[in-house]
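Open the model in your viewer and keep the selection tool at hand. Could you walk with me through it, one selection at a time?

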Amino acid sequence: MQNVYVLGLDRALDAEARIERLVCEHQTKLARYVRRFVNDADLALDVTQDVFFAAYKMLRADPSRPLSAGWLYKTATNHSITYLRKKRRRGETLPLEDVGCAFRTDEHSATSLDLQNALAGLGEEQLACVLLTTYAGYSSAEAALILGTTADAVRQRVCRAMRAMRKTLGEPA
Amino acid sequence: MTRSHARYESLAGAIALGEATQTEREEFAQHADGCALCSGFPAERELLRTVETAREGETWRPSVDRIILERIHDTQKQRSRFTVGALGWAAAISIAVNVAFVTGFAGRLDGALRGAPETTADVAAPHFVRLSPETFATIRRRSLPRAFAIAQSPHVAKHDRTHRLPGAPLRVAPAAPAFEPPDLLAGLYEPGNDPNSARNVAIEFAPPR
């Protein structure tokens, strides 16, 4: 799979060159993934920067360390979950009409906004499983490695997330 | 929810993600026929497809590479500044310590910091008894006659004769200068009384020689 290849095998590259390569290859996909997760474009950019900078610091400390795209998604997922938990603790909720505010006008469609509304209603763990498997393209076993759980748990969470999303979409807005 | 149903949820997830085998699909299909909870699975699976297609329809292309590289360069500059500063301070401290040891300042500073005396005089000072000029005068007045008396004694003369080096002249002790011993009884004199009365009393009580 394209997303799991290891970028640490080229020992000739220094940390800066490797991080430049990582950024060029993954910035768009990672930022979109985080935007779906946190439903906030600016915050998604901040989280993406933080993730790449953390990768740079790790490569600077140990230049021979192999770094996979899975590590980027894992760090991004952890950052996003932390943000969502803080937001929930503060009691912040997004009004229904603002659900699609993080998305561009050309991305607006009834289906897309409904989908984002349904995703916003999921818990962090279910959301991470759904986005990692269907959005980032990882298998359940790979997602389990990223999230530190079992493949069966990932599949169950995907199933429960699908059920919850159908319930949300079935409710009248 | 029973434990066995958790297994069917896992199967449903595997089917939705396209990871299930044919046997697992058939097993789940048999279960879904009689399960109200799993009856809506086909619609749920379509929902998952919607998520996948939503990814394809996104047009947002963020660019964070310039910001990240600037941040990395800032960090590198900060690190190099810190390294240069640390090296500068280390060199300055090293030079200062070397100069201090070469000039001897460090030894004195060390002594001062430890509270230790600096010189021999400081070491001897606590044990030194400061004598007044009167005491010095008394010591000299009493010691000189005794020294002359010892020098003129027959024991010293005999010692000089026996231990004299061949050819060396015989040393003769110098004559003692005229010296009158102090009148100790004069201290007993009290103004207004007969000067001889104190002397008489002292002679009367003096032990016989």
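What follows is a series of stops, each with something to select and a note on what is there.

**Before you start**

This is a predicted model, in which local features need pLDDT of at least 70 and side-chain atom pairs count only at pLDDT 80 or more, while totals for chains, interfaces and linings use all residues. Residues are numbered from 1 along each chain as its sequence is written, chains are lettered from A and ligands numbered from 1 in the order in which they are written, and side-chain values use heavy atoms, with hydrogens and water left out.

**Stop 1: chain B on its own**

You will find nine helices and zero strands; here helices are DSSP runs of H or I with at least four residues, strands are runs of E with at least two, and both are numbered from the N terminus. Now colour chain B by burial. Of its 209 residues, 19% count as buried, where buried means under 20% relative accessible area, exposed means over 50%, and partly exposed lies in between (1.4 Å probe, protein chains only).

**Stop 2: where chain B meets chain A**

Bring chain A back and select the residues on both sides of the contact. Chain B gives 43 residues and chain A gives 45. The size of an interface is often given as the accessible area lost when the parts come together. For this pair of chains, about 4100 Å² is buried, 62% of it on carbon and sulfur atoms; the figure is the accessible area (1.4 Å probe) that the two parts lose on being put together, summed over both.

Next, look for polar contacts, meaning pairs of N or O atoms within 3.5 Å; within protein, one must be able to donate a hydrogen and the other to accept it, and residues adjacent in sequence count only if both atoms are side-chain atoms. Across the interface there are 15 residue pairs in polar contact, both residues at pLDDT 80 or more. On the side of chain B that touches chain A, the elements giving two or more residues are H1 (3-16), H3 (41-56) and H4 (65-103) of chain B. Which helix gives the most to this side of chain B? Select H3(B), which gives the most with eleven residues. The residues on this side of chain B divide into 21 nonpolar, eleven polar and eleven charged.

**Stop 3: salt bridges between the chains**

A salt bridge here is a side-chain nitrogen of Lys or Arg within 4 Å of a carboxyl oxygen of Asp or Glu. Over all chains the count comes to 14, and seven salt bridges cross the interface of chain B and chain A.

- Arg32(A) and Glu58(B): the closest N and O atoms are 3.7 Å apart. Arg32(A) lies in helix H1 of chain A and Glu58(B) in the loop between H3 and H4 of chain B, so the pair joins two chains. Both Arg32(A) and Glu58(B) are buried.
- Asp50(A) and Arg71(B): the closest N and O atoms are 3.3 Å apart. This pair crosses from helix H2 of chain A to helix H4 of chain B. Asp50(A) is partly exposed at 31% relative accessibility, and Arg71(B) is partly exposed at 30%.
- Arg155(A) and Glu19(B): the closest N and O atoms are 3.4 Å apart. Arg155(A) lies in helix H7 (residues 151-170) of chain A, and Glu19(B) in the loop between H1 and H2 (22-33) of chain B. Arg155(A) counts as buried at 19%, whereas Glu19(B) is partly exposed at 26%.

**Stop 4: two residues in chain A**

Select Asn39(A), in the loop between H1 (15-38) and H2 (41-61) of chain A. Its phi is near 60 degrees, a positive value in a residue other than glycine. Asn39(A) counts as buried because its relative accessibility is 8%.

Finish at Glu124(A), in helix H5 (residues 124-135) of chain A. Is Glu124(A) buried or exposed? At 10% relative accessibility, Glu124(A) counts as buried. Its side chain makes a polar contact with the side chain of Arg88(A) at 3.3 Å. Leaving aside neighbours within four places in sequence, the residues in contact with Glu124(A) include Phe37(A), Ile81(A) and Leu84(A).

Methods:
Contact means heavy atoms within 4.5 Å. Ala, Val, Leu, Ile, Met, Phe, Trp, Tyr, Cys and Pro count as nonpolar, Asp, Glu, Lys and Arg as charged, and the others, Gly among them, as polar.
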